[in-house]
Amino acid sequence: MEAAHVEHAGINLKPSARLHEESPAEAPMEVGKTVGNIEVEDPIFRCRDVDVYYGEKHAIKKVGVDIGKNQVLAMIGPSGCGKSTFLRCLNRMNDTVPNARVVGSIVLDGKDIHDKKQDVVQLRARVGMVFQKPNPFPKSIYENVAYGPRIHGLAGDRVELDEIVHNSLQRAGLWEEVKDRLAQPGTSLSGGQQQRLCIARTIAVNPEVILMDEPCSALDPIATARIEDLMEELRQSYAIVIVTHSMQQAARVSQRTAYFHLGDLIEVGETDRIFTNPRHKLTEDYITGRFG
Amino acid sequence: MNKPRKTPQETQAIVESSLRRRYWAERRFRAYGMTAIVAALTFLVYLFFVIFSNGIGAFRQAEIRVDVFYDPAVIDPSGMRNPEDLHAADYQALIRASLKTRFADVDGRAATRELTRLVSGSAAFALQRNVTADPALIGTTRSEWLLASDAVDLLLKGHIERALPEAERPVSDQQLAWVDKLRAENALALKFNKTFLSSGDSREPENAGIWGAVVGSFFTLALTLLLSFPIGVAAAVYLEEFAHKNHWTDIIEVNINNLAAVPSIVFGLLGLAVFIGFFGLPRSAPLVGAMVLTLLTLPTIIIASRAALKAVPPSIREAALGMGASKIQMVSHHVLPLALPGMLTGTIIGMARALGESAPLLMIGMVAFIVDVPKSVTDAATVLPVQVYLWSDSPERGFVEKTSGAIIVLLAFLVVMNTTAVILRKRFERRW
């Protein structure tokens, strides 16, 4: 099953020009024919034949891709293409959506995350998530960061917890700004600070993978730049998957890029290659700004 | 279809011509709103005025000052200070003797009886209590303020027309003269009515108190809150956060909404049949009353709590789950604290309704005439609205102001309860 996709690697499918322009719904898109190399060496996540249904709607179709350690995978594509849906499969956040059904294999470190033995709470501790809108808890800054370690019992005592909070805020580049007001509500921070607080909160539980769902879409360019710098740093310790609408951002922060279109994973590859030499017509149209 | 495009001037003219009508509509709508508010306020003020002007008298009570000689010959002829003797003594005789000393000109049995009728029949018990508390009083003379009879009380408060012929009023000409004499000597006055606020019900208006009903209401409502809040919140949390959405939950939801509209007396019948008839719980008890009122308030609390849970932003849930919180952690750490103010609002509404309910409590016997102040939730008791109902139904003129007085106490109870709840809610309120 896992080898089924290898044959497509590197093959440039014949682009169908009217596919997207006239009526994308009728596009005779072949499912599972992802262009580019979906594999990486020693991946942390190995996803194969992932289908997601929301009731009758087939949201993503036969998606297969590897997520490498210590690198950023950017997922781009027009709205409603399924990139967020796929992201939410990786920590089983789709479990919370009524009528959502996920099939296929998503293997984290050799173990299928849909395995009965895989506990969803443990999975989410290993695969953290940062959301589109900054959503700090309506608690103090300290409590926001301390929440994860607290529920997972990561800190033995108060001193250790203080240290985790300090380190996490430091790594998220927020420490200097909030060190004097840790007791103030997290919601009192600016949008960009709130998002970095959410990142600090996520790394406080020491995950292996961080999922980011358009983390900068609600932020101004300066706050965005800070988060992008942060991602580059975090990449040294974590695997990062980011969904973004900004191709510039994808180009800046990621090592690999995946292009989604109407629930299909069209093309995956090295970011440099995707943006300079896209092999699929749809990818090319999207990154050159002809649609999307 | 193909009308020529309007020029900007034409468009403007059209807009301008409609402006007057639009502003007029707005002004009219404001006027409607103001009228409604003024009307509502007028009714409210009138209501309060009537209740307070009628009920304020209940908090004052006529008392007569008499120099009482605690006659050892009457109280303790044996001189043994035996508690049983002291208890059983004829204290009415003391009052009779004191009044006769005061009005030395009164002679004959009929006149003496008329004279003693100025004082309430319960005044003797006050003397008895005095002696029991301090036997050293025996043999001394002390000036005592004794409770006047309800007729004297009404006369003093102006509820009895002096102009009426003697046969048509409850006080005789002779009594009128005594009252005026006492009044002139400052030996008859309206005093703060401790009895009203400290004792239970009575057949005599001057002895009737609201405290029994207050305590009954307190027991009933405290127990109602204790039962309905946890059950209601748990039900709402389960339905909203844990239950799978299928036709079973739909049916439950529809039925909860229906229950909120069921007439309250039906809950009373249910309580009578189930709690008293089947489970054999005591009649007239706050325990059963609370269980019935719990059934009554549960739908309100569940509906309000579900609305409050729905109003918690989904992003908070996602954030908690994304951190690896289990579902129960998500609910108890994040969703519940945010939904609590809304849940409390629903509870306040439910409790206010429960406080005002009388119909279902009539069914389970909380309408009984109960003199003792209840000491536990299984003692026979009545509640404030039922007490209002009982007094309003009593034939004695003296109960008219008691009825309004009871309403004032009921309103005060409501205000205290709601203020506490609002303060509590304020404390839990958080921004996000």
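Which residue is the bridge partner of Arg65(B) in strand 2 of chain B? The partner is Trp145(B).

## Basis of the model

This is a predicted model, in which local features need pLDDT of at least 70 and side-chain atom pairs count only at pLDDT 80 or more, while totals for chains, interfaces and linings use all residues. Residues are numbered from 1 along each chain as its sequence is written, and chains are lettered from A and ligands numbered from 1 in the order in which they are written.

## Chain B: the sheet

The bridge between Arg65(B) and Trp145(B) belongs to the pairing of strand 1 (residues 60-69) with strand 2 of chain B, which is antiparallel and runs over seven bridges. Strands pair if DSSP finds at least two bridges between them. Strands are DSSP runs of E with at least two residues, helices are runs of H or I with at least four, and both are numbered from the N terminus.

In chain B, three strands make up an open sheet in the order 2-1-3, with antiparallel pairing. Its edge strands are strand 2 (141-147) and strand 3 (188-192) of chain B, each of which pairs on one side only. On average, neighbouring strands of this sheet are turned by 40° against each other, direction ignored. Axes are lines fitted to C-alpha atoms, for helices over the stretch in contact, and angles run from 0 to 180 degrees between N-to-C directions.

## Chain B: Glu26

Glu26(B) lies in helix 1 (residues 8-55) of chain B. Glu26(B) is exposed because 10 other C-beta atoms lie within 10 Å. The classes rest on the number of other C-beta atoms within 10 Å of a residue's own: 20 or more for buried, 12 or fewer for exposed, and in between for partly exposed, with C-beta atoms placed from the backbone. Between the C-alpha atoms of Glu26(B) and Asn246(B), 220 residues apart along the chain, the separation is 46 Å.

Chain A has 11 helices and 11 strands. Of its 292 residues, 46% count as buried. Among the contacts in chain A between residues at least 6 apart in sequence, 72% join residues at least 24 apart; a contact means that the C-beta atoms of two residues, placed from the backbone, lie within 7 Å.

Four strands of chain A form an open sheet in the order 3-2-5-6, with antiparallel pairing. Strand 3 (57-68) and strand 6 (111-112) of chain A are the edge strands, each pairing on one side only. Strand 2 (residues 43-54) and strand 5 (residues 100-108) of chain A are joined by eight bridges and run antiparallel. Across from Asp51(A) stands Val103(A) in strand 5 of chain A. Helix 2 (residues 83-90) of chain A packs on the sheet and touches strand 2, strand 3 and strand 5 of chain A; the direction of this helix makes about 120° with that of strand 2 of chain A.

Strand 10 (residues 256-261) of chain A is mostly covered, with six of its six residues buried. Arg256(A), Ala258(A) and Phe260(A) point one way from the strand, and Thr257(A), Tyr259(A) and His261(A) point the other way.

Strand 4 (residues 72-76) of chain A runs parallel to strand 10 of chain A and is joined to it by four bridges. Within this pairing, Leu73(A) has Arg256(A) as its bridge partner. Strand 11 (residues 264-270) of chain A pairs with strand 10 of chain A in the antiparallel sense over six bridges, and His261(A) stands opposite Asp264(A). These two strands form a hairpin with two residues between them, where Leu262(A) in the turn has a positive phi of about 50°.

## Chain A: helices 7 and 8

The axes of helix 7 (residues 191-203) and helix 8 (residues 221-234) of chain A come within 9 Å and cross at roughly 20°. The two helices are therefore roughly parallel to each other; angles under 35 degrees count as roughly parallel, over 145 as roughly antiparallel, 65 to 115 as roughly perpendicular and the rest as oblique.

Residues of helix 7 of chain A in this contact include Gly191(A), Gln195(A) and Ile199(A), and those of helix 8 of chain A include Ala223(A), Ile227(A) and Leu230(A).

## Contact between the chains

Chain A supplies 21 residues to the contact and chain B 17 residues. Helix 3 (120-126), strand 7 (127-130) and helix 4 (141-152) of chain A each give at least two residues to the side of chain A that touches chain B. Helix 4 of chain A gives the most, with four residues.
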